[in-house]
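Subject: Structure handover

Hello,

Here is the structure we talked about. Please load it first, then read my notes below.

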Amino acid sequence: MGWINKSWVKVVFHVAAWIIVFSLPFLLRRYPAVDTPKDPDERGFFLVNNLTALLWIGVFYFNAYILTPVFIYNKKYLYYFLIVLGLFVVIMTVHSWLFISLITGRGFLLSRSIGFNIPPFMLAIAVSTAYRMIIDKNKTDKLLQQKQEENFKSELSFLRSQVSPHFMFNVLNNILALARLKSDQLEPTIFKLSTLMRYMLYETDEERVSLQKEIDYLNSYIDLQKQRVGGKVELDVHIPQAEAYQEIAPMLLIPFIENAFKHGTGHIKNAQIYINMSVAHDTLNFVVRNRYDASETNESKDRTSGIGLANVMRRLNLLYKEKHDLLITKEDGWFVVSLQINLV
């Protein structure tokens with residue numbers, strides 16, 4: 001029913017516009033003094049002018065909906081000029097017939113009539129052409145915007161779907177290790193994993209989620225990784241509570257932490273991971289530092305490494321294009337990620 005309402009609004013707008021156009025000559029005309037003799041052809045001129053004006057309405061819509069899209073858009077300018085010229089001849093023929101039929105006190109002068117009718121005819125042609133081009137431009141811009149929004153949503157959905165499998169590779173390996181050791185931590189670990197999965201599946205479809213929920217997710221993930229690495233890695237984690245109103249794009253920070261545990265543990269000597277987060281004046285500051293093996297080559301890396309990092313960098317550019325600052329450095333055996341995001 002929405003398109004019906006829009007159609008009615010459009011019709012009412014056009015009718016109102018034409019009423020204003022037809023009213024202008026009467027609103028702006030100078031009325032003669034009371035004692036001025038009445039012109040016997042006044043009624044005839046009134047009918048001729050208004051009936052001719054109705055022709056301008058036909059010219060407006062004929063040019064807007066037929067001539068412009070068929071000839072102007074297809075660059076058939078000669079045909080367009082000839083048809084417009086023929087249209088003016090037809091209008092002049094009708095106008096002359098109306099003049100001769102309705103005005104008896106004066107003779108018809110073709111040159112004077114042409115000079116009188118060319119300005120409104122050209123105005124109708126020019127305005128209708130501009131009108132058609134404007135509405136088509138608006139329609140094209142709207143379709144382009146809708147297409148960009150759909151592509152934007154599709155790309156974000158794809159990028160987010162790539163983060164989840166990368167996370168699962170790490171956590172499932174952790175559970176497998178606990179199962180082999182028959183650890184008492186297996187059951188609570190599986191429960192915690194199910195909680196994380198519930199968050200990933202049911203609460204991350206929105207463009208923004210509560211920052212506190214995202215922090216809870218990060219802390220749970222870090223706890224799972226602590227069980228895997230044990231005392232082999234020095235962990236220093238500082239992630240404070242967030243304000244209730246603060247929000248962030250879901251699954252945005254986890255790839256940096258995943259990367260730290262993936263490349264900052266294992267056979268790394270003196271393995272250390274530092275994770276620090278703070279929020280001041282609605283700006284999130286997030287730093288992750290981990291030692292890495294500088295001798296590790298690209299060929300020796302797991303093929304899944306970097307999936308999360310590449311996606312999160314792309315998502316940052318899509319969601320926080322002008323509102324984030326990301327710096328990634330490798331120096332003196334340390335891999336450092338420093339991220340600032342304006343949350344508002």
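**The hairpin and its sheet**

Val 279 has Leu 284 of β5 as its bridge partner. This is a predicted model, in which local features need pLDDT of at least 70, side-chain atom pairs count only at pLDDT 80 or more, and totals for chains, interfaces and linings use all residues. Residues are numbered from 1 along each chain as its sequence is written, and side-chain values use heavy atoms, with hydrogens and water left out.

Helices (H or I, at least four residues) and strands (E, at least two) are DSSP runs, numbered from the N terminus. Two strands pair if DSSP finds at least two bridges between them.

Strand β4 (residues 272-280) runs antiparallel to β5, and eight bridges join them. The two strands make a hairpin with two residues between them. His 281 sits in that turn, with a positive phi of about 55°. β5 also pairs with strand β7 (residues 334-342), again in the antiparallel sense, over nine bridges. There, Val 287 stands opposite Ser 338.

In a regular strand the side chains alternate between the two faces of the sheet. β5 (residues 283-291) has a covered face made of Leu 284, Phe 286, Val 288 and Asn 290. Its uncovered face holds Thr 283, Asn 285, Val 287, Arg 289 and Arg 291.

Helix α6 covers residues 211-229, and Glu 214 is in it. Is Glu 214 buried or exposed? Glu 214 counts as buried, because its relative accessibility is 1%. (Buried means under 20% relative accessible area, exposed over 50%, partly exposed in between, with a 1.4 Å probe and protein chains only.) Leaving aside neighbours within four places in sequence, Glu 214 is in contact with Tyr 199, Val 209, Ile 248, Ala 249, Pro 250, Met 251, Leu 252 and Leu 253. Contact means heavy atoms within 4.5 Å.

α6 packs against helix α7 (residues 254-263) at an angle of about 10°, with the axes 11 Å apart. Axes are lines fitted to C-alpha atoms, for helices over the stretch in contact, and angles run from 0 to 180 degrees between N-to-C directions. The two helices are therefore roughly parallel (under 35 degrees; over 145 is roughly antiparallel, 65 to 115 roughly perpendicular, the rest oblique). From α6, the contact uses Tyr 217, Leu 218, Tyr 221, Ile 222, Gln 225, Arg 228 and Val 229. From α7 come Ile 254, Ile 257, Glu 258 and Phe 261.

α7 is mostly covered, with nine of its 10 residues buried. Among them are Pro 255, Phe 256, Asn 259 and His 263.

**Two loop residues with positive phi**

Most residues other than glycine have a negative phi, and most peptide bonds are trans. Met 251 has a positive phi of about 55° although it is not a glycine. Met 251 lies in the loop between β3 (247-248) and α7. Met 251 counts as buried because its relative accessibility is 2%.

Asp 332 is not a glycine either, and its phi is positive, near 55°. Asp 332 is in the loop between β6 (324-331) and β7. Asp 332 is exposed, with a relative accessible area of 68%.

**Whole chain**

The chain has eight helices and seven strands. Of its 344 residues, 35% count as buried.

Best wishes
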